[in-house]
Amino acid sequence: MRRVTPDTIAVVDLAVCDRCGLCLPLCPPEAIHLELNVLTVDSAGCTGCEKCVRPCPVGALAMVAYA
Amino acid sequence: MPDVDVLVVGAGPAGAVAAWQARLAAPALEVVLLERDRAVGSPVRCAEGVGDAGLREFVNPDGADWVSRRITDVIFQAPDDTEVVLANCGLGWILDRTRFDAYLAAEAAAAGVQVLVGAEATGMSRNGDGRWHVRVKERGKDELYRARIVIGADGVETMVGRWAGLDTRVPARDMESCAQYVLQGIDINPDAIYLQFSNAIAPGGYAWIFPKAVGVANVGLGLVALKTDGRNARQYLDSWVARRFPSAARTSYTVGGVIVHTTIKKTYADGVLVAGDAAHMLNPLSGGGITNAMKAGRLAGRTAADAICAGDTGERRLAAYHKAWMELLGEDHLKYYRIKQALEGVDDASFNKLAHTVNNIAPDKRTIGRVFTHALIRHPQLIPVAARFFV
């Protein structure tokens, strides 16, 4: 459980995502999951560190304001 | 509830060989090999290149239908496109992974392994009975498998490792983001692999052309995202392909991550072994992982079979797998990783200079040994760049 609510969190554009799984081991809190061919970012687990965003080979991940 | 001895998650080279070798070591064991996708070997997320010697430890590539192309030459390309040709410098193969992975799975099946496609492990827990209970989603319904040993061969995103409490995370600087097209109608030497080094083309990595047939090749690149100008791997690849092969037909594309790190600190837990990409068992210089995965799979399969036959699947016994891997290749990967770090400061001008001076060596005298010696004298920091593809 994260202690501080981040200003932004990562979201995935499933229309762009290729399900390659590259972002999973990059996520320090292990908040990204790939199950039944769908990638999800757990908004409650994401700490907003952005480490998954630039490495995505197709640019499917982006940061958005955490409401 | 199916009760099995060894449950292997992932039917790539690591998993298929692990399952196969477990059955060979102990034919009485019940071994199940799970593949998440609908077909073993597909989608291909690989440049498909492999050295001859490592491959032959397991299978015979001569005349095999899972081979696309026999490779004898390596062409290094400097950032300014200067080519350094190393003719007949060793034997390698470009595989057809869709057929190759299926072939390995068939070998496993012939040894008595049950292969299940479209079967995805979605979670697992350790129960009081000393078994792992693994949830498997197959054709829309959940099945619970009880297994004495689970082998996680589930690739870069490994969930088995996470579920077993192993640390499989990767720092961003050690993850190469890769994109690749299959290009048709290109004018290349079909007996050579091409490797181009340039911080402008593939920062922190390299670009490759691996021929699959005359005029057809896997054309791709891997880069370290932290070193880019903000574009992603596919955008870098589009720029390179547009310049090099403007009229080629792009008939397929793939993307993926290659972990250029070293073996995870702990590849085992009670009743669990992790092998291949899932345990970061790649050559961190080349990013090559196929034969590494097969060798790890062989160790994992045999270790699992022995442990079950001995009635002890605890982590103290399974630690022998980690030790054997580290002695076989893991320690070498630590060395390559240090070389990779040392190379990170090399700029494009130095690569160009090296290519120009190496070409002063007559082509018929341009053996790997002479190129190494030359590089050692002129640009000592560059030797491993050439060496990385032959180790």
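The dialogue below takes up the features of this model in turn.

Tutor: This is a predicted model, in which local features need pLDDT of at least 70, side-chain atom pairs count only at pLDDT 80 or more, and totals for chains, interfaces and linings use all residues. Residues are numbered from 1 along each chain as its sequence is written, while chains are lettered from A and ligands numbered from 1 in the order in which they are written.

Student: How many helices and strands are there in chain A?

Tutor: Helices (H or I, at least four residues) and strands (E, at least two) are DSSP runs, numbered from the N terminus. Chain A has zero helices and four strands, in the order β-β-β-β from the N terminus.

Student: What does the radius of gyration say about chain A?

Tutor: The radius is taken over C-alpha atoms, and the globule rule is 2.2 Å times the number of residues to the power 0.38. For 67 residues a compact globule would have a value near 11 Å, and chain A agrees, with 11 Å. Its C-alpha atoms fill a box of roughly 30 × 20 × 20 Å along the principal axes.

Student: Is Pro55(A) buried or exposed?

Tutor: A residue is buried if 20 or more other C-beta atoms lie within 10 Å of its own, exposed if 12 or fewer, and partly exposed in between, with C-beta atoms placed from the backbone. Pro55(A) is buried because 24 other C-beta atoms lie within 10 Å. This proline is in the loop between strand E3 (38-41) and strand E4 (61-65) of chain A.

Student: Which residues does Pro55(A) touch?

Tutor: Two residues are in contact if their C-beta atoms, placed from the backbone, lie within 7 Å. Not counting residues up to four places away in sequence, Pro55(A) touches Leu22(A), Cys23(A), Leu26(A), Ala172(B), Met175(B), Ser177(B) and Ala225(B).

Student: How many residues of chain B are in contact with chain A?

Tutor: There are 23 residues of chain B in contact with 19 residues of chain A. The largest share of this side of chain B, four residues, comes from strand E12(B), which spans 175-184. For the classes, Ala, Val, Leu, Ile, Met, Phe, Trp, Tyr, Cys and Pro count as nonpolar, Asp, Glu, Lys and Arg as charged, and the others, Gly among them, as polar. By that scheme, the side of chain B that touches chain A has nine nonpolar, seven polar and seven charged residues.

Student: What is the phi of Asn37(A)?

Tutor: Most residues other than glycine have a negative phi, and most peptide bonds are trans. Asn37(A), although not a glycine, has a positive phi of about 65°. Asn37(A) is exposed, with 12 other C-beta atoms within 10 Å, and is found in the loop between strand E2 (32-35) and E3 of chain A.

Student: Where in chain B is Glu48(B), and what is its phi?

Tutor: Glu48(B) is in the loop between E2 and E3 of chain B, and its phi is near 75°, a positive value. With 20 C-beta neighbours inside 10 Å, Glu48(B) counts as buried.

Student: Which residues does a cis peptide bond join?

Tutor: A cis peptide bond joins Ser42(B) and Pro43(B), with omega about 0°. Pro43(B) is found in the loop between E2 and strand E3 (49-51) of chain B.
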